[in-house]
Amino acid sequence: MDTVVRVTLVYFFLMAAMRVIGKREFGELGPFDIVVLLLIPEMITNALTQSDDSLTNAFVGVATLVGLVFLTSVLTYRFRWAERAIEGSPTVLVQHGYLVPRQLERERISPDELLAAMHQAGIETMDQVKWAILSTDGKISIVPWHPGERNPHPGERIPGM
Amino acid sequence: MASSAGVLKSSTRANRKRVVDNIAQPPPPPDFPRRFRVTPLQAVGIPLLLLLPALHLLGVLDAATTRAAFTNGEWQVEYELTTRQRYQKPVHLRLHLTNLAPAIRALTVVVDSAYLSQFVEVRATPPLDHHGATPVLEIAGGATAVVRLDLTPAMPGWVGGEVAFRGDGIDRAIRLRSFILP
């Protein structure tokens, strides 16, 4: 009984914690992030196993975890509300060549980081960017204007936006 | 960012003051009714995997204890044995020996040495000698003595043996059998 309950509690606790700290933390792991991710298992190991080193306990724990992962994937696929609650939704960082500061601040992404992502996509200036989107996995996707398209307002603020 | 410093300089002017507060969204993906489907492997494998936590929640994979008793008119022996236990966790045996006669009587409990050899650690109160026997227990009329054994199994699987009760007015043995989960 204990192992199933403990694994379930820790799974939902970690899922909530990861959801709260945000997408950015998953995209690029810095040294501090790696230390945190290494420490978390150390701290929860004893809470999960309760010093029971038997294979039975390990198999029950793993089966519980795999079952929860499967259940989560079914829920997030089947229901939009679950997808939004568990995985979040993509965040628009640049729209039609314009930064969205509120979103950058919420996700703690500096303009330099955004620029680096633009450079990786082979883009130099903001007016070449149609969309810059922070995906739910923490990666920044840059969508340039297509060759046939043209930024309707290059180099100026879009009225009403 | 050091490698992009030069590019930053040249693009700073072009990128200046390009901010917006109202947020539009890129085109959403096409939607379709989402249904729950699984592969044949998942249809078999997921229920099998979920069987483990289900059995655990039902207590099938936890320790189990059985209690029993017998009497011959002069002695009453009640015993409690862990019949199912996990590997590296101790099997407990508790023996409650009641002298039903009015006079003081002597009794010795002897644990099968083949049974004891299946355990890596044997803790007994009172302690057992090298034949697996307790000291002679002098039990007053109507009184009860308790023998406690905590046995840590060496391997998963079945462990079994005998415990004999020998003394004034008694010569009887009981079979013990426990299953050790891996």
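In strand 9 of chain B, R84(B) has F179(B) as its bridge partner. The structure is a predicted model, in which local features need pLDDT of at least 70, side-chain atom pairs count only at pLDDT 80 or more, and totals for chains, interfaces and linings use all residues. Residues are numbered from 1 along each chain as its sequence is written, while chains are lettered from A and ligands numbered from 1 in the order in which they are written. The predictor gives the complex an ipTM of 0.70 and a pTM of 0.69.

**Confidence**

- The term pLDDT stands for the predictor's confidence in each residue, from 0 to 100.
- In chain B the average pLDDT is 86, and 90% of the residues score at least 70.
- Residues 1-10 of chain B stay under 50 in pLDDT, and the model has eight contacts for them beyond four places in sequence. Two residues are in contact if their C-beta atoms, placed from the backbone, lie within 7 Å.
- In chain A the average pLDDT is 80, and 81% of the residues score at least 70.
- Residues 156-161 of chain A have a pLDDT below 50, and this stretch has seven contacts in the model beyond near neighbours in sequence.

**Make-up of the chains**

- Helices (H or I, at least four residues) and strands (E, at least two) are DSSP runs, numbered from the N terminus.
- Chain A has seven helices and four strands, in the order α-α-α-α-α-β-β-α-α-β-β along the sequence.
- Chain B has three helices and nine strands, in the order α-α-β-β-β-β-α-β-β-β-β-β along the sequence.
- A residue is buried if 20 or more other C-beta atoms lie within 10 Å of its own, exposed if 12 or fewer, and partly exposed in between, with C-beta atoms placed from the backbone.
- Of the 161 residues in chain A, 20% are buried; of the 182 residues in chain B, 21% are buried.
- Among contacts in chain A with a separation of 6 or more, 63% are between residues 24 or more positions apart. For chain B the figure is 63%.

**Strand pairing in chain B**

- Two strands pair if DSSP finds at least two bridges between them.
- Strand 2 and strand 9 (residues 170-181) of chain B run parallel and are joined by three bridges.
- Strand 8 and strand 9 of chain B run antiparallel and are joined by eleven bridges. One residue bridged to strand 9 of chain B is V159(B), whose partner there is S178(B).
- The hairpin of strand 8 and strand 9 of chain B has two residues between the strands, and G169(B) in this hairpin takes a positive phi near 80°.

**Nonpolar cores**

- A nonpolar core is a set of buried Ala, Val, Leu, Ile, Met, Phe, Trp, Tyr and Cys residues joined through C-beta atoms within 7 Å.
- The largest nonpolar core has 20 residues, of which L93(B), L95(B), L97(B), V109(B) and V111(B) touch the most other members.
- Elements of chain B that each supply at least two residues of this core are strand 2 (75-86), strand 3 (91-99), strand 4 (105-111), strand 7 (144-153) and strand 8 (157-167). Strand 3 of chain B gives the most, with four residues.
- Leaving out residues up to four places away in sequence, L95(B) touches V77(B), Y79(B), V109(B), V146(B) and V147(B).
- A second, separate core has 19 residues, including L93(A), V94(A), L114(A) and L115(A).

**Where the chains touch**

- On one side 41 residues of chain A, and on the other 32 residues of chain B, are in contact.
- Several elements of chain A give two or more residues to the side that touches chain B, among them helix 1 (2-21), strand 1 (91-95) and helix 7 (111-120). Helix 4 of chain A gives the most to this side, with 13 residues.
- This side of chain A has 23 nonpolar, eleven polar and seven charged residues. Here Ala, Val, Leu, Ile, Met, Phe, Trp, Tyr, Cys and Pro count as nonpolar, Asp, Glu, Lys and Arg as charged, and the others, Gly among them, as polar.

**Backbone exceptions**

- Most residues other than glycine have a negative phi, and most peptide bonds are trans.
- H96(A) is not a glycine but has a positive phi of about 50°. H96(A) lies in the loop between strand 1 and strand 2 of chain A, and is partly exposed, with 19 other C-beta atoms within 10 Å.
- R108(A), also not a glycine, has a positive phi of about 55°. R108(A) is in the loop between helix 6 and helix 7 of chain A, and counts as exposed, with 11 C-beta neighbours inside 10 Å.
- T125(B) and P126(B) are joined by a cis peptide bond, with omega about -5°. P126(B) is in the loop between strand 5 (119-125) and strand 6 (137-139) of chain B.
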